[in-house]
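Reader: I'm new to reading protein models. Could you walk me through this one?
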Amino acid sequence: MADAARYAPRHDAPPRDPAHNRADALLLARVSEAAGRARLGRRQATYRPPLAEPGRRWAGLAGARRLLRGDRERAGTGPIDRLDLYERGLTVAVDGRIHVVRYDTTMVRRRRALSPQGLTRAHVLVDLDGERIVLRCGDFGEPEVWGPEIHRSVADAQVPRALAALTRGERLDFGPVWLTRAELGSRGTTLRWAQVQRIEILKGSVAVRTAGRWQVWGSVTSGIPNLCVLRALAEYLTAAERDED
């Protein structure tokens, strides 16, 4: 069971005047309504932008404020007001617009993204409308908490369905990497699970340990959707293979 403090709401923003408090209350009401419609369950945590000098946070984004208005191929880069994690998904308020993500249907990727401080790590998700949401690690405080939590939650929600598909004999594709109940492969290389000892992500590449040595499958991690699901499936299938032996 996760520690209760881990899900305590975060209050990183500075004190606000009554007008800002009213705006916050209205935004919270809209967030709660959107989460309710998507049946996300109980709110687990709220994250806000970290403290910064007045005007400094958004100055570097002035020329890059594409806000996901109808373009499903572009990532939002405007001001993000708050991130709320729920039992079955999350909401992101981007410049007043509420985006809803469900863990059981989204795709999440890891990549690098531009921020006011330069290149930083980011998590790219797909919301219920099919639009991409970019969450940079500098957008909110405690990225070491909310980032891994999102990936864990996506894996928890999607792995059971993926295992059922593999049991039915289906092949699952994760970008350049694919797997079946019997095999793992990428770009012309195929390994049976009995050959796979371990899978790691090393400097942006998928590395597979087999026969006592590592095979590096190129820099493919940025192109893998739901890498967290792939890794969980690989761990399960390699363990299952060892148990059968």
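Reader: What volume does the second largest cavity have?

Author: First, this is a predicted model, where local features need pLDDT of at least 70 and side-chain atom pairs count only at pLDDT 80 or more, while totals for chains, interfaces and linings use all residues. Residues are numbered from 1 along each chain as its sequence is written, and side-chain values use heavy atoms, with hydrogens and water left out. A cavity is a set of points, on a 1 Å grid over the protein atoms alone, where a 1.4 Å probe fits but cannot get out. With volume taken as the space filled by probe spheres set on the points, which are joined across faces, edges and corners, the second largest cavity comes to about 40 Å³.

Reader: Which helix gives the largest share of the lining of that second largest cavity?

Author: Lining residues have an atom within 4 Å of a point, and among them here are Val177, Ile199, Leu227 and Arg231. S12 and a helix spanning 227–244 each supply at least two; helices are DSSP runs of H or I with at least four residues, strands runs of E with at least two, numbered from the N terminus. The largest share, 4 residues, comes from H4.

Reader: Strand S12 again! Which residue in S13 is the bridge partner of Arg198?

Author: S12 belongs to an open, antiparallel sheet ordered S12-S13-S14, where two strands pair if DSSP finds at least two bridges between them. S12 (196–202) is an edge strand, pairing on one side only, and 6 bridges join S12 to S13 (residues 205–210). In S13, the partner of Arg198 is Arg209.

Terms used: On a 1 Å grid over the protein atoms alone, a cavity is a set of points where a 1.4 Å probe fits but cannot get out, and a pocket is an open set with protein on both sides within 12 Å along at least five of seven lines; lining residues have an atom within 4 Å of a point.
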